[in-house]
Amino acid sequence: MEMTTKTRSKSSQQRVKKIISYVVMSIIGIVLLIPLLWMVFTSLKPMEEIVRYPPTFFPEEINLGNYLETINAFPFWQYAKNTLFITVLVVFGNVLSNSFIAYGFAKLAFPGKNLIFALVLSTMMIPGFVTMIPQYVLFSKIGWVGTYLPLIVPAFFGNAFNIFLMRQFYLSVNNELIEAAKIDGANHLYIWSHLMIPLTKPALITIAINSFNGAWNDFLGPLLYIQNQEKYTLQIGLQVFQNQSTTQWNYLMAGATLVLLPTILLFFLAQRYFIEGMDLTGGSKG
């Protein structure tokens, strides 16, 4: 009887802790969503309501025409096509290169492997601003400035964090599967492409989502390397749109909402894989 009481008491305590944690996380989530909701609601307001004091959070008058005006105010679809072109190639390059490199570090034996892997990880401690000028000088010397190549090609040479993430998943795959494939005559390229990649899909989707977010929302890279207005991305296009005229906050927020929408949709569609992919011990156990 006493054990039953203690069990019920412990169960009640766990339930209370879970409820409190849910409440706290909900409050934090709502606070973090406020700027996003403010942007969306502002995009639906007429300018007169935006500049009104005191300000209103919810739109009194919903004006969906702001989105149409924004799309027509600058070459939105051209910039969207440019951004999508860069993003697709960057995602493909990151998924291909990081999974391939990580397989070598996880499943192949070669001299100095641990040292080289440590050097790869050490590059995460180098701020991007330190390498920005040398990279620009290099790309300028080989004539890539003014093209999309500086934004796309680096994705095909790996990223330290993504390599680490994929390596952790590959290490969780039972080596007996690889040995069995070798006995059947498979080489490492076949094992990587037909065995390892299907088993580590959550990690690959995580890399794809992160790469998509980074490339789609990149502002500094296109600002540095793209000089032709016809090649602008959406991020540069929004900045140019803001600078060319008196700031119309409803149009600007509508444009920002449209640019952010693919990122939000992608996360919601693939959030299950993203959460699994960020679990560094969540790979297949074979």
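Which residues does Thr257 touch, not counting residues up to four places away in sequence? That was my way into this structure, which is a predicted model.

**Entry 1: Thr257**
I looked up the contacts and got four names: Met39, Val40, Ser43 and Tyr67. Thr257 itself lies in helix α14, which runs over residues 249–277. Is Thr257 buried or exposed? I found a relative accessible area of 13%. Thr257 counts as buried because that value is under the 20% cut-off.

**Entry 2: the UniProt record**
Next I checked the annotations. An unreviewed UniProt entry lists "transmembrane region" for residues 20–41, 84–103, 115–136, 142–165 and 251–270. I picked two of these spans to look at in the model. Residues 20–41 are 100% helix and 0% strand, and their end C-alpha atoms lie 30 Å apart. For residues 251–270 I also noted 100% helix and 0% strand, with 30 Å between the end C-alpha atoms.

**Entry 3: two domains**
How is the protein chain divided? I have domain 1 down as 17–61 and domain 2 as 72–276. Taken over C-alpha atoms, their centres are 31 Å apart. Domain 1 brings 9 residues to the contact and domain 2 brings 10.

I then looked at the area buried between domain 1 and domain 2, which is about 700 Å². Carbon and sulfur atoms give 78% of that area.

Across the interface of domain 1 and domain 2 I found 0 salt bridges. The count of residue pairs in polar contact between the two domains is also 0, with both residues at pLDDT 80 or more. On the domain 1 side, the elements giving two or more residues are α1 (2–43) and α2 (47–50). Of the elements there, α1 gives the most, with 5 residues.

**Entry 4: the salt bridge**
How many salt bridges does the structure hold? I got 1. The side chains of Glu60 and Arg52 meet in it, at 3.0 Å from N to O. I checked how open each partner is. Glu60 has 57% relative accessibility, so I put it down as exposed, the cut-off being over 50%.

Conventions:
Residues are numbered from 1 along each chain as its sequence is written. This is a predicted model: local features need pLDDT of at least 70, side-chain atom pairs count only at pLDDT 80 or more; totals for chains, interfaces and linings use all residues. Side-chain values use heavy atoms; hydrogens and water are left out. Helices (H or I, at least four residues) and strands (E, at least two) are DSSP runs, numbered from the N terminus. Buried means under 20% relative accessible area, exposed over 50%, partly exposed in between (1.4 Å probe, protein chains only). Contact means heavy atoms within 4.5 Å. A salt bridge is a side-chain nitrogen of Lys or Arg within 4 Å of a carboxyl oxygen of Asp or Glu. UniProt positions are given in the numbering used here, feature names are shortened, and annotations may be inferred rather than shown by experiment. Domain bounds come from an automatic or database domain assignment. Buried area is the accessible area (1.4 Å probe) that two parts lose on being put together, summed over both. A polar contact is a pair of N or O atoms within 3.5 Å; within protein, one must be able to donate a hydrogen and the other to accept it, and residues adjacent in sequence count only if both atoms are side-chain atoms.
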